[in-house]
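Thank you all for making the time this morning.

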Amino acid sequence: MPLIEDIVARHDTLARWRRDIHAHPELGFEERRTSDFVAEKLRAFGVEVHRGIGKTGVVGVLREGNETSSVGLRADMDALPITEANTFPHRSNHEGCMHACGHDGHTVMLLGAAEYLAATRNFRGQVVFIFQPAEEGIGGARAMVEDGLFQQFPCDRLFGMHNAPGMPVGRFGAVPGTVTAAGAYFDIEIAGVGGHGAFPHTAVDPVVIGAELALALQSIVARNVRPTETAVVSVTQIHAGDAYNVIPATARLAGTTRAFSMDVMELVEARTRELADGIARAHGATAEVDFRPTYESVVNDPVAARLAAEVCDELVGSGNVRRRLPAGTGSEDFSYMLNEVPGCYVILGNGDSTPVHNPEYDFNDAAIPYGASFFASVAEKALAVGGGTTRG
């Protein structure tokens, strides 16, 4: 079953745009060049452009006919604070920043859909193209919602997408229910007593406390969370000291927690605070915990998921569309948007690439026509000529 021929014919151009964005990554709420790039392309297509929603967010609006039905299509634009290890010509030009999650590909797939829909206009109603900043843990979706995204641009259904390394190109996942976990970040500041490295008995060593605490935190999931539940606690940073012969006065641990239930998340938070306080006190130190829930779980609306799966069937055949997938422990702030508008978060095969958030990751350009065709087709199907949005 075919992809959209007009989009396939633009593959080389879309891949060139994707590599340009990859070479110029920008962190969350700093996507100025990327936002300018997106806005310039949308205007060239004849799409109405709105800037500054969620700081660096961009919204494009395309209307056809007098119908009031509306569908939203969302892509994220930000990069990660990672030093790229790739050596290809389009590697990051910005040291310490790279597109390690494929948001460059997501952005270009939505641009490809916008170009096609603006040219063909085979729909009735309004398509809202949402280019979101700051997905990577700092609340870009929430910022857009709080800026009145859906008050200004009402949507009956909303669709987003993320690439999946390890899933073959040309495969999709469109499932009802929970897709991703809720997420939280934590910082733990340990205050001990500094001293000479040769005289540890005169100090209260926060490094030893931090090491003990990092291991103890792993007991939360193993010994406090029900075996039938799922949670993740990962200490990803330990900072302390600057000299070989000095016991520092302070140490800091930081990391992330994931869970599919906010009750479990609250349990993890409570045990994190108890362990930090108890272990620090046992050594004569103190600990302060800053535990920050960032995302809720992404939960797909069953009607929107069915519509998305039907579109994928038409594009690649039902044998290449997975309607049942285990929920992933990654988090995604698309959840803030789905709390406002029913929709579906679709999974797109990225082939045999390295995992996301890896310094050797690169979005697979072969996936671009599939993602762009999905975005365009789901808008056409949701806003079918003579119909309207599919409703449950």
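This is a predicted model: local features need pLDDT of at least 70, side-chain atom pairs count only at pLDDT 80 or more; totals for chains, interfaces and linings use all residues.

Residues are numbered from 1 along each chain as its sequence is written, and side-chain values use heavy atoms, with hydrogens and water left out.

Helix α7 covers residues 206–216, and its buried residues (under 20% relative accessible area, 1.4 Å probe, protein chains only) are P206, I209, G210, L213, A214 and A216. Because they cover an arc of only 160° around the axis, taken from the directions from the axis to the C-beta atoms, they sit on the same side of α7. These buried residues pack against several elements, including β8 (182–191), β10 (231–239) and α9 (262–282).

Turning to another pair, helix α2 (residues 11–23) and helix α4 (residues 103–120) pack at an angle of about 145°, with their axes, which are lines fitted to C-alpha atoms over the stretch in contact, 9 Å apart. In that contact (heavy atoms within 4.5 Å), α2 contributes L14, W17, R18, I21 and H22, while among the residues of α4 are D104, V108 and L111.

Lastly, H22 of helix α2 counts as buried because its relative accessibility is 0%. Leaving aside residues up to four places away in sequence, H22 touches, among others, E84, H90, H99, D104 and D362.

Notes: Buried means under 20% relative accessible area, exposed over 50%, partly exposed in between (1.4 Å probe, protein chains only). Helices (H or I, at least four residues) and strands (E, at least two) are DSSP runs, numbered from the N terminus. Axes are lines fitted to C-alpha atoms, for helices over the stretch in contact, and angles run from 0 to 180 degrees between N-to-C directions.
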